[in-house]
Amino acid sequence: MAGQLVIVTLALVWVWLAGLRFLWRSRRPLWRALVWAYGLLFVFFAVTTGAKIYYLAGAYPALLAAGMVAIDGWLAARPGRARGLLLATAATTAALLPLVLPVLPAADIGWTYPVNQENAESLGWPQLVQAVHKAWVSLPPARRAHTVIFTANYGEASAINNLGKNNGLPTAVSPDNSEWWWGPPNPSATTVIAVANGPAGGGTGTGTAMAGFFADVEQVATLSNPAGIHNQEWGGHIYLCTSPTIAWPQLWPLLRHYG
């Protein structure tokens, strides 16, 4: 909820609320449809799931435009009102910028995490990739040919695929959201280097889950970040899994999840 006040800046909250009122009172079905769409999506994204504050960002241009039409006469009545709104918008945008964009040093963004997690979710990615690389090079070359890197979410897969491509790491796969469509991995793979989320990412039972699909699961690393931010990877683990008990074509659909 607080994220919605931040994403459009506090000075403009009353403008998009005026836009909602203007669209509803227009009695035009298409304009009222925008109000219904915003209300339903607000309940679904901002109240129910609450995962990302930017999920509703696409709705605000229409609401702000409608709000500006609604308050046009009020602004024109006194020239200073438009200037005051502009200054208030600039001031509140500058004040809230650290909550929206990564402008602070990594060690100073912990207080922003409860409102907007995005700025902190990439912290620790270099260390994650280093840990995966260490597990990878520990394997004999012949075994690497039958090894895949598996991550719990698409962010971890992206970290490995972008930061690890110059280190000789293979393309990581993940069953998370649309990343699932890039799998399954090599059907002949018998070894998996699995990256699991920490408690904040819901990964506390990953080792037990992997043990249900592989005969041997060994924890080889624990994840953290230099800033000490308890993001999704903090407290997670890297597992070395061998001897799959189910073939990849049957296993891959079972691993798919949305998060």
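**Cores and overall form of the chain**

Visitor: Which residues touch the most other members in the largest nonpolar core?
Guide: In this predicted model, the largest nonpolar core has 19 residues, and the ones that touch the most other members are Trp16, Tyr38, Tyr60 and Leu63.

Visitor: And which helices each supply at least two residues of this core?
Guide: Those are helix H2 (13-25), helix H3 (29-49) and helix H4 (60-70), and of the contributors H2 gives the most, with six residues.

Visitor: What does Tyr60 touch, leaving out residues up to four places away in sequence?
Guide: With those set aside, Tyr60 touches Gln4, Ile7 and Val8, and also Trp16 and Tyr38.

Visitor: Which residues does the second core include?
Guide: That second core is separate and has 18 residues, among them Val129, Ala135, Ile149 and Leu223.

Visitor: OK, new topic: how many helices and strands does the chain have?
Guide: The protein chain has twelve helices and four strands.

Visitor: Is it spread out or compact?
Guide: The protein chain is more spread out than a compact globule, because its radius of gyration is 24 Å, well over the 18 Å that the globule rule gives for 259 residues. Along the principal axes, its C-alpha atoms fill a box of roughly 80 × 40 × 30 Å.

Visitor: Last one: how far apart are the mean positions of the positive and negative charges?
Guide: The mean position of the 14 positive charges and that of the 10 negative charges are 20 Å apart.

Conventions
Residues are numbered from 1 along each chain as its sequence is written. This is a predicted model: local features need pLDDT of at least 70, side-chain atom pairs count only at pLDDT 80 or more; totals for chains, interfaces and linings use all residues. Side-chain values use heavy atoms; hydrogens and water are left out. The radius of gyration is taken over C-alpha atoms; the globule rule is 2.2 Å times the number of residues to the power 0.38. Lys and Arg count as positive and Asp and Glu as negative; His and the chain ends are not counted. The place of a charge is taken as NZ of Lys, CZ of Arg, CG of Asp or CD of Glu. A nonpolar core is a set of buried Ala, Val, Leu, Ile, Met, Phe, Trp, Tyr and Cys residues joined through side-chain atoms within 4.5 Å. Buried means under 20% relative accessible area, exposed over 50%, partly exposed in between (1.4 Å probe, protein chains only). Contact means heavy atoms within 4.5 Å.
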